[in-house]
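Colleague: I would like to learn how to read backbone angles and cavities. Please show me the model and start with the terms.

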Amino acid sequence: MVRGLGVRVTASGAKSFIFEARIKGRPRRVTIGRWPDLTVALARQRAMEIRTAIARGENPHEAHLAEKRETTFGELADRYMCEYSRVHKRPRSIADDEYYLAHYLPNVWRTRRLSDIGRTDIERLHARLGSDHGKYAANHTVRLLRHMLNLAHRWDLLTSENPAAGVKLFREQKRERYLNPEEVACVNHALLEEPDWRWRAYFPLALMLGIRKSELLAMRWQDIDLNARTWRIPETKAGNSHLLPLPVPVMAMLESLPSRGTSEWVFPGDGTTGHIVEPAKAWQRVRARAGVADVRIHDLRHTLASWLVAQGFNLPLIGRALNHTQTATTARYAHLALDPVRAALEQTAALMMNHDAARPLKPLPARQPDGRA
């Protein structure tokens, strides 16, 4: 029996081991742990450790209070959203943060202290998300955790190393899915059966302009100059504005829309934003009818880029059309521009072969040992 060791029983019947002693002249109580998670033998061992610490002049009660005051992951998540995400990020990125925290981070983490979250916990979460939701969702979740815990360091909420810093991410491969001319024809035909005029116009515009999904959803009439045939996007993913010329087919489609002259938005909606917000269900209907079930909405943007490359337009021009801020982003389409390179090599090879690509070069005559031909 250890003097000072006892059991506290709550009204609900929960039992916890406690240790009571006088620390610096004052009676103090330290909670050791809950039963049956903690056995009697372990509770006695912990009580002896506390008594030894008191004898050395330490204050286990203060350490216990500091541990109780430590920030939980739920508190960090709330502060991250209020003081960082909603202050420094764009609406779409804020929505992504909210979605990942709500759907991919376990609810039990909200009550866990930050110091109780280790690298093993994050590695297991990463592996499970990779299996259940895919590599991209798993990697993005770990990147979000890494950023949040770095902020926790900056805010003096975490003193240990960032447990997400050393987690190895899955290797990601960029998708390269483009619609060929036959598939584009199938999509156009499928759109004729779409009952909502907004989606009948939205997807062709997405294809012809290669614009990002959220930017096209929030298209306003006040940003369109019908005389100059341009559209100024007030704020893009890069955080800047973008002036985009509008082709004649795009202008014809815009001028025929019912929202012209009746709404602030090109694609008005019933929600709080005032415009349509989520094209996923409509696109699932269209692509199912078109027989292109593996094509995402973002692949319409890739399709425009691939068609521009196929017509011989240079990568800087394509990057300007797609509003790429980095040349490396556009360079992913460089492999599609092989036809002009192939034609140049074929032409040069024919010249080297005396204008006859089918005739092999004549071998050089063999030399004699004395060097004579």
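Modeller: Buried means under 20% relative accessible area, exposed means over 50%, and partly exposed is in between (1.4 Å probe, protein chains only). This is a predicted model: local features need pLDDT of at least 70, side-chain atom pairs count only at pLDDT 80 or more, and totals for chains, interfaces and linings use all residues. Residues are numbered from 1 along each chain as its sequence is written, and side-chain values use heavy atoms, without hydrogens and water.

Colleague: What is the relative accessible area of arginine 229?

Modeller: Arginine 229 has 38%, so it is partly exposed. Its phi is positive, near 55°. Arginine 229 sits in the loop between strand S4 (224-225) and strand S5 (230-233). Strands (E, at least two residues) and helices (H or I, at least four) are DSSP runs, numbered from the N terminus.

Colleague: Where does aspartate 156 lie, and is it buried or exposed?

Modeller: Aspartate 156 is in the loop between helix H6 (135-154) and helix H7 (181-191). Its relative accessibility is 66%, so it counts as exposed.

Colleague: Now the lining of the largest cavity. How does it divide by residue type?

Modeller: Four residues are nonpolar, four polar and three charged. Ala, Val, Leu, Ile, Met, Phe, Trp, Tyr, Cys and Pro count as nonpolar, Asp, Glu, Lys and Arg as charged, and the others, Gly among them, as polar.
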